[in-house]
Amino acid sequence: MLSTEEISEIEAEAAHYPRRDAVCIDAMRIVQRHRGWVSDDSLHDIAAHLGMSVTDLDSVATFYNLIFRRPVGRHVIMICDSVSCWVMGYDRMREHLGTRLGIGLGETTSDNRFTLLPIVCLGCCDRAPAMMVDDDLHSDLDPQKIDRALETYT
Amino acid sequence: MTPVTDKPLTKNMRPDGSVVDIRAYEQADGYQAVRKVLHGGMTPNAVTDAVKDANLRGRGGAGFPTGQKWSFVPLGNNAPTPTYLICNADEMEPGTFKDRLLLERDPHQLIEGMIIAGFAIEADVAYIFLRGEYVLAAERLSRAIAEAYDAHYLGKNILGSDYSLELYLHLSGGRYMCGEETGLLNALEGKRANPRSKPPFPPVVGLFGKPTVVNNVETLCCVPHIINHGAAWFHALGRTHDAGTKLFGASGKVKRPGLWELPMGTTIREILEEHAGGMRDGVTFRGLLPGGASTDFVTEEHLDTPMDFTAMAKIGSRMGTGTMIVLDDQTCPVGMTWNLMHFFAQESCGWCTPCWSGLGWVERILTSMEDGQGQPGDLDKLASQAKMWGPGATFCALAPGAAEPLQSALKYFRDDFERHIREKRCPWR
């Protein structure tokens, strides 16, 4: 069941489009903001609310990088693997994160604290290498800076 | 000190990175161009003509003449309704970080540009299509849009005129294809961001089947200044016929990576050596991608080329987004090409065979080369793939864009590719 709050947020966005199903990406983002990810149940509820088929909605969901169809940890780390960050030391940063957290890309720590995901260019190339943790951008990374940043997410 | 009008796009920006709010924007003559258009009796065609005369070319990378794009939209009482204006703020081209600055630091400049562009094409509804990762830009744009509504720059009968415009912010679900003009339209309709067949072109049949103009952030930000100061002034800002200023940037192992508003036509060398400070100590320049991942490498021999759409095309590359990615001698050119092909293969939407099939194949060949498994015929395979990607072989520019760094890497760094195969290893590992 979608919550009243989720429905009212979806309806506010839906007013921006002439067709109801156009809001489906916003709707999934809204539900994800409340629940962390988009489960099969959420997908069914959103599809029913918007009068779409579940299959159509899932084909959209799986197309987009920022819509999570699997559960994620309390905090999502997105490390930029595009060209400027790659030149400036992405491999070392990913290895450091992997060692420190004990997980690879696409995985979640056993305490459910962090999920590590790759992301394309974050538009922060002059301060590469870069990563986002939840809504925060961290740039000019080195292993010590990564360690300090991670400590602030509990 | 150069007069402020030499850097119109960044003149209001504060050193501390804080946002220019509506009051500060108005105090810096902000929204005067909207007043001039709406209260000065300008017609939509007059606005479009002013932008045409200024030779404003699209700053998203393709360089299409903006006024010409606007002129394709049907106007008047018999035109289909509604007409849409979309700002493409889906800055996802690897190595590109220019629109972020404009969005975060001076959002009202963009909104003013959109109101004027909207008036020129008689748009009823406008969207800013923003990539989902630009969280700070989203916060600041939302606030700026609310401020603009409160001050009657948006909504019904703007500043008491007959013109009305609704402006909405859409946050993307995240995919490189959303930056492609027709992929963006599908994304905004709540679909997968596959490209559409053209023609018909979006100015005639676009969002929800209605006339639609899609313009880049930096392009729209130029518009108020052209209206305020005129085409001759805009031409005088640039050093070449591709008029105006341009946000140029540099990333990679240069001394001072960054972003600078400079005259269009500033040479690559000046950007690289004077503004970015040249290479870091201990590394040597080998080449650069002039404007994002989907532009051809250039090398030492090209450094005195002016960065503009025309001159960069003449040397077999493109200015693209104007933010250059520098390759140094401590970085493997094959590895860098692998990284680029990995990106394009991952972001291919899967619609056209040369793209989904070819990019994956090329990525695998480059992976094997990096792992010491390269074969003698590999370079021919890579070259033939780059040819097969177009232009003209696919619906959109993703694969032709991917071909640019691949074909030019094979041209300028051929020895390095051959060495990987011959020595059965990556010499940089």
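Modeller: A helix here is a DSSP run of H or I at least four residues long, and helices are numbered from the N terminus. The model is predicted.

Colleague: How do you know that R94(A) and D91(A) are separated by about one helical turn?

Modeller: Residues 90-101 of chain A form helix α6, and R94(A) and D91(A) both belong to that run. They are 3 residues apart in this helix, which means a separation of about one helical turn.

Colleague: Why is the pair R94(A) and D91(A) called a salt bridge?

Modeller: The cut-off is 4 Å between a side-chain nitrogen of Lys or Arg and a carboxyl oxygen of Asp or Glu. The closest N and O atoms of R94(A) and D91(A) are 3.6 Å apart, so the pair meets the definition.

Colleague: Are R94(A) and D91(A) buried, exposed or partly exposed, and what makes them so?

Modeller: Buried means under 20% relative accessible area and exposed means over 50%. R94(A) has 28% and D91(A) has 34%, so both are partly exposed.

Colleague: What links D147(A) and R100(A)?

Modeller: Their side chains meet in a salt bridge, at 3.3 Å from N to O. The pair links distant parts of the chain, with D147(A) in helix α7 (residues 143-151) and R100(A) in helix α6, 47 residues apart. R100(A) has a relative accessible area of 38%, and is therefore partly exposed.

Colleague: In chain B, what makes K255(B) and D281(B) a salt bridge?

Modeller: The N to O distance is 3.7 Å, which is within the 4 Å cut-off.

Colleague: Which parts of chain B does that pair tie together?

Modeller: K255(B) is in the loop between β5 (245-251) and β6 (258-263), and D281(B) is in the loop between α11 (268-275) and β7 (285-289), so parts 26 residues apart in sequence are tied together. K255(B) is partly exposed at 45%, while D281(B) is exposed at 69%. Elsewhere, R19(A), D21(A), E189(B), K191(B) and R196(B) are joined into one network by salt bridges that share partners. Over all chains the count is 35 salt bridges.

Colleague: How do you know that E112(B) has no salt bridge?

Modeller: The nearest side chain of opposite charge, R35(B), is 7.6 Å away, and a salt bridge needs 4 Å or less. E112(B) is buried, in helix α6 (residues 107-120) of chain B.

Colleague: What does the side chain of E112(B) reach?

Modeller: The backbone nitrogen of Y31(B), at 3.0 Å, which is within the 3.5 Å cut-off for a polar contact. Leaving aside neighbours within four places in sequence, E112(B) is in contact with residues including Y25(B), Q32(B) and P224(B).

Colleague: Why is T81(B) called exposed?

Modeller: Its relative accessible area is 54%, and exposed means over 50%. T81(B) lies in the loop between α4 (66-71) and β1 (84-89) of chain B. Beyond its neighbours within four places in sequence, T81(B) is in contact with D124(B) and K210(B).

Colleague: How many cavities of 30 Å³ or more are there, and what lines the largest cavity?

Modeller: The count is 2. The largest cavity has a volume of about 70 Å³, and its lining residues include M177(B), P195(B), W351(B), C355(B) and C396(B).

Definitions and conventions:
Residues numbered from 1 in each chain as written. Chains lettered and ligands numbered in written order. Predicted model: local features only at pLDDT ≥ 70, side-chain atom pairs only at ≥ 80, totals over all residues. Heavy atoms only, no water. Helix = DSSP H or I, 4+ residues; strand = E, 2+ residues; numbered from the N terminus. Buried < 20%, exposed > 50% of the residue type's maximum accessible area, 1.4 Å probe, protein only. Lys, Arg positive; Asp, Glu negative; His and termini not counted. Polar contact = N/O pair within 3.5 Å; in protein donor to acceptor, adjacent residues only side chain to side chain. Contact = heavy atoms within 4.5 Å. 1 Å grid on protein atoms, 1.4 Å probe; cavity = no way out; pocket = protein on both sides within 12 Å on 5 of 7 lines; lining within 4 Å. Points joined across faces, edges and corners; volume = space filled by probe spheres on them.
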